[in-house]
Amino acid sequence: MGLHKQYLKVGRNARDQVFGIPPRDGKPASGPTPLSMLISQGIKLNNNRVAVIIIGIITLIIGIVLSSIPWLDYCILRNLKLWNNTISFQYWQRPGVVRLTKVYIFNVTNPEGFLNGEKPKLVEVGPFVYREDMEKTNIKFHDNFTVTFQHKKILQFVPELSVDKNQRIVTPNIPLLTLSTQSNSLGYFLAKTISLMLTAAKYKPFIELTVDELVFGYDDTLVSLAHKFYPRNKRPMSRMGLLIARNGTLPEISTIYTGHTGMDKFGYINMVNGLDYLPFWKDPPCRNITASEGSLFPPRDITKSDVIYVYDKDLCRTLPFTYRWPVVKDGLDADLYTMPEDVYGDAKSNSNNSCFDTEEYAATRGLQNISPCQYGAPVYISHPHFMEADPQLLDSVEGLSPDRSLHGSYFKIQPKLGVPLEGKVRVQLNLKVEKSLHIQSVKQFRDFVFPIMWLEEGISELTPPIRRWIYVATVFGPKAIPILSYSLIAGGTFSLIFVFVRAYKNFVADPAVEILEMGRRSLRRGNSFIAQHQLRLMNRDSYTLLKVVNDADSPDSSPT
């Protein structure tokens with residue numbers, strides 16, 4: 001019982017020494033301190049134990065820091081803002097994504113019938129697919145955290161995805177019909193003079209061209225004259241082509257926000273050609289130019305905004321896209337944005353369209369006038385196949401069949417980075433012709449909105465390096481960091497507990513072994529003493545027994 005009490009006393013003393021608990025009798029502790037007990041074994045310094053303690057403390061601190069500080073978001077934002085050599089700059093400057101432009105032409109199969117009063121019969125021909133190699137050139141950063149650049153676009157035909165670009169189609173004669181429409185505002189004698197010249201040159205309201213000529217240019221006398229004699233701000237290209245101005249280094253100088261002053265305008269345009277507004281319109285919001293050129297958008301996780309804007313110089317305006325719902329694209333989270341149904345047209349359907357109305361423009365639902373940036377040509381845009389437009393526009397032609405899945409515009413944007421994972425902008429170009437009163441060549445051409453073509457621009461997928469970067473930043477990182485931080489916390493805590501337990505056992509085991517050894521010696525001595533006394537008792541009993549027997553067998557003894 002005394003040994004058991006002594007063993008418990010040794011255990012309590014070891015515990016008090018390890019945890020620094022003062023003795024109960026109030027006397028100062030004479031043994032080693034807790035720190036020395038942890039890092040030493042006996043009188044020698046235990047290097048292994050010191051290393052485990054240091055590693056455990058460092059691991060614990062790192063785990064706590066990782067779990068409490070959003071350093072991943074900081075690293076993402078640092079590389080997301082546009083600046084030299086950041087990841088986003090490399091992606092923005094030369095995206096490397098496969099950006100395709102698909103062109104669909106409406107072939108008029110009954111041009112003579114239309115002139116005689118029939119509905120035009122249209123056959124959609126296409127797609128004619130062009131890969132757009134795009135990069136930013138003449139880049140210059142400014143002290144107000146904006147960057148200026150020019151677009152360089154090279155469109156290359158992709159025959160394996162296209163129909164024959166050399167097939168011939170019949171389409172309205174755009175230069176002639178533009179001139180005939182504008183002649184209504186000219187005087188009678190000037191209009192008659194123009195009529196005589198056009199008649200002598202044998203101009204016709206419909207022409208036959210190859211698709212490649214219509215898209216990238218053909219020689220036309222009227223266009224050449226306009227290029228020579230029109231005022232500089234209204235002067236068209238020297239050749240007629242629907243996409244001729246999209247090839248090569250574009251003359252526009254754009255300035256966008258880099259994100260250093262806030263992510264609410266990250267990637268949005270600040271100025272174009274030194275102007276912070278669109279000069280084609282008189283009032284906002286039509287004059288607003290704050291929109292993305294399609295490469296980067298303000299991250300929705302930061303801005304909490306449900307509307308983004310896209311600017312295209314050929315459309316004379318910014319286009320709004322409204323958030324719909326979250327989607328997944330190639331294993332990456334994205335937000336789906338679509339273009340509102342009433343984005344084009346009259347102010348009755350959308351009050352923001354009132355500033356697009358002009359005296360010469362009769363507002364029509366689903367139709368947008370862009371003639372101010374098309375050299376005065378009566379060009380109007382709409383959704384392809386007159387989707388969501390006034391039913392009369394669709395009823396006036398044959399061969400159109402609107403389908404939202406084929407003709408709707410949308411973007412899928414990663415909400416944390418503002419990088420588009422997929423996007424398609426689809427728009428139709430129409431020629432709004434007014435019946436000419438004095439031009440003989442087009443006297444049979446009635447007032448009409450004539451579909452010419454529609455095109456689709458966008459990307460379907462990202463390159464593997466960009467996808468990996470986005471995956472690490474938005475999927476792997478947010479999952480791996482908590483696992484790593486909590487593992488470090490658990491590992492550091494376990495290491496320190498392990499050292500405490502080993503120290504406790506060492507200081508309990510050493511005295512306990514000595515006590516047990518003393519107990520064994522005491523037991524051995526006790527066993528020897530018992531054995532000796534047992535032997536003496538056995539000898540004494542044997543002697544007494546023999547004496548009794550001998551006395552009984554003696555001859556002198558007789559019964560009484």
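This is a predicted model: local features need pLDDT of at least 70, side-chain atom pairs count only at pLDDT 80 or more; totals for chains, interfaces and linings use all residues.

Me: What makes strand 6 and strand 7 a pair?

Reply: Two strands count as paired when there are at least two bridges between them. Strand 6 (residues 168–172) and strand 7 (residues 206–210) have 5 bridges in the antiparallel sense, so by the cut-off of at least two they pair. Strand 6 is also mostly covered, with 4 of its 5 residues buried.

Me: How do you know whether T255 is buried or exposed?

Reply: Buried means under 20% relative accessible area. T255 has 6%, so it is buried. This residue belongs to strand 9 (residues 254–257). Leaving out residues up to four places away in sequence, T255 touches T146, V147, T148, Y268, I269, N270 and M271.

Me: What makes the pairing of the T255 and T148 side chains a polar contact?

Reply: The distance is 3.0 Å between the two side chains, and a polar contact needs N or O atoms within 3.5 Å, one able to donate a hydrogen and the other to accept it. The T255–T148 pair is listed as such a contact.

Me: Why is V65 called partly exposed?

Reply: Partly exposed covers the range between the 20% limit for buried and the 50% limit for exposed. V65 has 38% relative accessibility, so it counts as partly exposed. V65 sits in helix 3.

Me: Which residues form the nonpolar patch on the surface?

Reply: The patch consists of I57, I61, V65, I69 and W71, with about 420 Å² of accessible area together. A patch member needs over 30% relative accessible area, and V65 has 38%. Helix 3 (residues 47–68) gives the most to this patch, with 3 residues.

Me: Why is helix 7 described as largely enclosed?

Reply: Of the 9 residues of helix 7 (residues 174–182), 7 are buried, so the rest of the structure largely encloses this helix. The buried residues are I174, P175, L176, L177, T178, S180 and T181.

Me: What makes strand 13 a partner of both strand 12 and strand 16?

Reply: Set each count of bridges against the cut-off of at least two. Strand 12 (residues 317–329) is joined to strand 13 by 7 bridges, and strand 13 is joined to strand 16 (residues 410–413) by 4. Both pairings run antiparallel. Strand 13 (residues 332–338) is mostly covered, as 6 of its 7 residues are buried.

Me: Which residue in the hairpin of strand 12 and strand 13 takes a positive phi?

Reply: D330 does, near 55°, in a hairpin that has 2 residues between the strands.

Me: Finally, how many helices and strands are there in the protein, and what share of its residues is buried?

Reply: There are 14 helices and 18 strands, and buried residues make up 44% of the 560 residues. The protein exposes about 30,500 Å², with carbon and sulfur atoms supplying 57% of it.

Conventions. Residues are numbered from 1 along each chain as its sequence is written. Side-chain values use heavy atoms; hydrogens and water are left out. Buried means under 20% relative accessible area, exposed over 50%, partly exposed in between (1.4 Å probe, protein chains only). Accessible areas come from the Shrake-Rupley method with a 1.4 Å probe; for residues, only the protein chains shown count as cover. Patches are made of residues with over 30% relative accessible area and no salt bridge: like charges are joined within 9 Å, nonpolar side chains (Val, Leu, Ile, Met, Phe, Trp, Tyr) within 5 Å. A salt bridge is a side-chain nitrogen of Lys or Arg within 4 Å of a carboxyl oxygen of Asp or Glu. Contact means heavy atoms within 4.5 Å.
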